[in-house]
Amino acid sequence: MAAGVTKTTAGTDWGKADFEAIYNCPDPRRYFTTLQPLDYQIPHHGQAVFRAVAETLRRHRSDRPPLHVVDLCCSYGVNAALLNHRLSLTDLYGRYAVQRPEFPTTRQLMEEDRTFFASRLHAEPFRVTGIDSADRAVDYARTVGLLDHGFAENLELDDPSPAMRRTLAGADLITVTGGVGYISARTFGRLFDCVSSPPWVAAFVLREVNYRPVSALLARAGLVTEKLTTRTFRQRRFADGDERRSAFEALAGRGLTVTGKEADGFYHADLYLSRPAADIAALPLVELLPG
């Protein structure tokens with residue numbers, strides 16, 4: 001078991017390792033130092049996919065203001081950092097998971113990060129709103145300029161605040177790299193109550209999780225969900241043998257084989273993209289994301 005990681009017995013987590021302690025620290029250093037040994041990589045895959053989807057949508061809606069992306073379970077703004085900046089996930093590991101001669105305070109790190117991210121911003125950044133129940137993580141991402149808006153709200157438990165409703169009204173794209181399973185169709189339903197027209201939804205979902213309740217809700221909002229069938233995406237290594245066995249049992253319960261996928265020692269995620277049927281007809285997912 002990785003350092004600082006415990007077990008969770010939550011029914012939706014099938015005995016998955018619990019990383020709760022790293023999700024709401026004052027800054028991202030513990031998050032990256034804990035996940036690097038497990039080769040956590042799903043944000044890397046999300047970077048390529050979300051950029052391709054967002055660029056497609058930006059061309060599709062060229063008459064509108066900057067594209068508005070809403071990142072669910074945004075944590076410390078990792079997806080926003082990779083979407084809008086000339087950076088890789090390896091760069092972020094190098095920044096936060098490598099020992100430095102001096103150990104800056106969180107306030108000092110925030111000041112450094114404002115400059116660090118501002119100097120690497122793409123010429124035409126997307127507008128990004130982050131949502132996560134971890135208030136300190138959201139505050140960090142907003143303070144260093146990764147998020148245009150950030151909301152520390154739990155939509156599994158509560159309705160959106162008036163401020164969130166106003167901000168989300170013009171959302172164009174919802175992204176999520178690992179939260180589905182912790183968040184359910186309930187969160188998506190409350191989000192869609194805020195929007196003026198249905199945004200596209202791009203979601204990486206671990207294969208242990210049933211996405212059908214979410215896709216059914218999106219269908220009622222007028223979106224058709226495609227699953228990328230050409231590949232899956234590694235999320236991270238299993239923390240230990242118990243987690244591996246639990247994942248295998250959960251996959252067997254869903255009638256899924258691990259051969260060529262989780263048998264390699266990693267969690268694997270499927271990619272789902274939900275859009276209006278006319279958009280799919282114009283550009284199917286296999287053409288939008290070839291290979």
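1. Buried means under 20% relative accessible area, exposed means over 50%, and partly exposed lies in between (1.4 Å probe, protein chains only). In helix 9 (residues 212-220), the buried residues are Val214, Ser215, Leu217 and Leu218. Seen down the helix axis, these buried residues fall within an arc of 160°, so they line one face of helix 9. The arc is that of the directions from the helix axis to the C-beta atoms. Arg212 and Arg220 are exposed, on the face turned away from the buried side. Helices (H or I, at least four residues) and strands (E, at least two) are DSSP runs, numbered from the N terminus.

2. A word on the source. This is a predicted model: local features need pLDDT of at least 70, side-chain atom pairs count only at pLDDT 80 or more, and totals for chains, interfaces and linings use all residues. Residues are numbered from 1 along each chain as its sequence is written, and side-chain values use heavy atoms, with hydrogens and water left out.

3. How confident is the prediction? pLDDT is the predictor's confidence in each residue, from 0 to 100. The protein chain has a mean pLDDT of 93, and 95% of its residues reach 70 or more. Residues 1-11 stay under 50. The model has 28 contacts beyond four places in sequence for that stretch. Contact means heavy atoms within 4.5 Å. Where pLDDT is low, the predicted coordinates should not be read in detail.

4. Now the whole chain. Its secondary structure comes to 12 helices and 10 strands. The radius of gyration is 18 Å, close to the 19 Å that the globule rule gives for 291 residues, so the chain is as compact as a globular protein of that length. That radius is taken over C-alpha atoms; the rule is 2.2 Å times the number of residues to the power 0.38. Buried residues make up 53% of the 291 residues.

5. What covers the buried residues of helix 9? The cover includes helix 8 (185-192), strand 7 (200-206), strand 8 (224-227) and strand 10 (266-275). Just after helix 9, Gly222 takes a positive phi of about 100°.

6. Next, the core. A nonpolar core is a set of buried Ala, Val, Leu, Ile, Met, Phe, Trp, Tyr and Cys residues joined through side-chain atoms within 4.5 Å. The largest one has 91 residues, of which Phe32, Leu92, Phe117, Phe188 and Tyr211 touch the most other members. Strand 7 gives the largest share of this core, seven residues. Leaving out residues up to four places away in sequence, Phe32 touches Val78, Leu89, Leu92, Tyr93, Tyr96 and Ala97.

7. Asp39 is not a glycine, yet its phi is positive, about 55°. Asp39 lies in the loop between helix 1 (29-35) and helix 2. Its relative accessibility is 30%, so Asp39 counts as partly exposed. Ser75 also has a positive phi, near 55°. Ser75 sits in the loop between strand 3 (68-72) and helix 3 (78-84). Ser75 is buried, at 7% relative accessible area.

8. Thr34, in helix 1, reaches the backbone oxygen of Arg30 with its side chain at 2.8 Å. Arg58 lies in helix 2 (residues 42-60). A polar contact of 2.8 Å joins the side chains of Arg58 and Glu55. A polar contact is a pair of N or O atoms within 3.5 Å; within protein, one must be able to donate a hydrogen and the other to accept it, and residues adjacent in sequence count only if both atoms are side-chain atoms.
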